[in-house]
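Me: I would like a close look at a single part of this model, followed by one connected account of its surroundings.

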Amino acid sequence: MFTDTHCHISKEEYDDIDNIIKRATDNGIYKLINNGCNRQTNEEVLQLAQIYSNLYCAIGIHPDSAGEYTKEDLIFIEAHIDEAVAIGEIGLDYHYEGYDREKQIELFEAQLKLAEKYSKPVIIHSRDATLDTITILKKYPNVKGSMHCFSGSLETANIYLKLGYKLGFGGVTTFKNSKIKDVLKQIPNSAILLETDSPYLTPEPIRGTKNEPQNIRYIAEFVSQVKNIPLEELSKITEENVHNLFDI
Ligand code: NI
């Protein structure tokens, strides 16, 4: 039994959500946290959470939408905060040229303030922005959460752990040239969360196909080998980590 702590299930991505959920459940993924990224997907993850009892939702504005978000989008998040288990996916992304650093930071901090106000965990996206992410998270010491798709160094991992964050491991961890497994080996078990980031980042050995939450089993198997922990025990450990962070 595992929880997919980070996925994006929407009608735009999947023709048959019933089956996606069923396949996940059949493969021992009993709980999923579906992440919104903008106003439209926030509305959808809230609706889907009403339909499927094991599909929880996180609502937030992704840094890629920093250019077009409005105050109303933040008001919407605050109005629906009780229906969400976390604020996410939020953060900083300096990967593509033309990003607006100031705007991203403004948006990120506005959502961290909401997390602080309502004691909600956050699900964080940080890409090519480690230093700013750390500087900003330090300003909100009461906020805890998950560093989604963690792919940094051991040093960075330890900083996040000290700040009270856990690390989300997904498909990228299983990629052949990935160095994340070396970090994984050295961090405490209490730091590990599993996630698929469906429909993106499909794990080995089925890389190249469209990702979906049932594939968490490949990630779990990989982590279990790297950490030398039997699957059943890994399930207990990661479920405990999930419950330490999220009210699900
Ligand atoms: Ni994501």
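Is H8 buried or exposed, judged by its relative accessibility?

Reply: In this predicted model, H8 has a relative accessibility of 10%, which is under the 20% limit, and therefore counts as buried. H8 is one of the protein donors of the nickel ion, which are H6 (NE2), H8 (NE2), E89 (OE) and D197 (OD), lying 2.1 to 2.3 Å from the ion. Along the chain these donors follow the spacing H-x1-H-x80-E-x107-D. Because H8 lies in the loop between strand 1 and helix 1 (17-26), while D197 lies in the loop between strand 8 and helix 9 (216-227), the pair ties together parts that are 189 residues apart in sequence. D197 likewise counts as buried, because its relative accessibility is 7%. The angles subtended by the four donor atoms around the nickel ion run from 84 to 171 degrees, so the arrangement is irregular.

The strands named here belong to an open sheet of eight strands, which has the order 1-2-3-4-5-6-7-8 with parallel pairing. Strand 1 (2-7) and strand 8 (192-194) stand at its edges, and since each has a single partner strand, one side of each is left without a neighbour in the sheet. On average, and with direction ignored, neighbouring strands of this sheet are turned by 30 degrees against each other. Helix 4 (residues 101-118) packs on the sheet, where it touches strand 4 (86-93) and strand 5 (122-127), and its direction makes about 155 degrees with that of strand 4.

Technical notes: Residues are numbered from 1 along each chain as its sequence is written. This is a predicted model: local features need pLDDT of at least 70, side-chain atom pairs count only at pLDDT 80 or more; totals for chains, interfaces and linings use all residues. Side-chain values use heavy atoms; hydrogens and water are left out. Two strands pair if DSSP finds at least two bridges between them. Helices (H or I, at least four residues) and strands (E, at least two) are DSSP runs, numbered from the N terminus. Axes are lines fitted to C-alpha atoms, for helices over the stretch in contact, and angles run from 0 to 180 degrees between N-to-C directions. Contact means heavy atoms within 4.5 Å. Donors are N, O and S atoms within 2.8 Å of the metal (3.2 Å for Na, K and Ca); water is not among the atoms, so sites may look incomplete. Four donors count as tetrahedral if all angles lie between 85 and 135 degrees; four count as square planar and six as octahedral if opposite donors are over 155 degrees apart and all others between 65 and 115; anything else is irregular. Buried means under 20% relative accessible area, exposed over 50%, partly exposed in between (1.4 Å probe, protein chains only).
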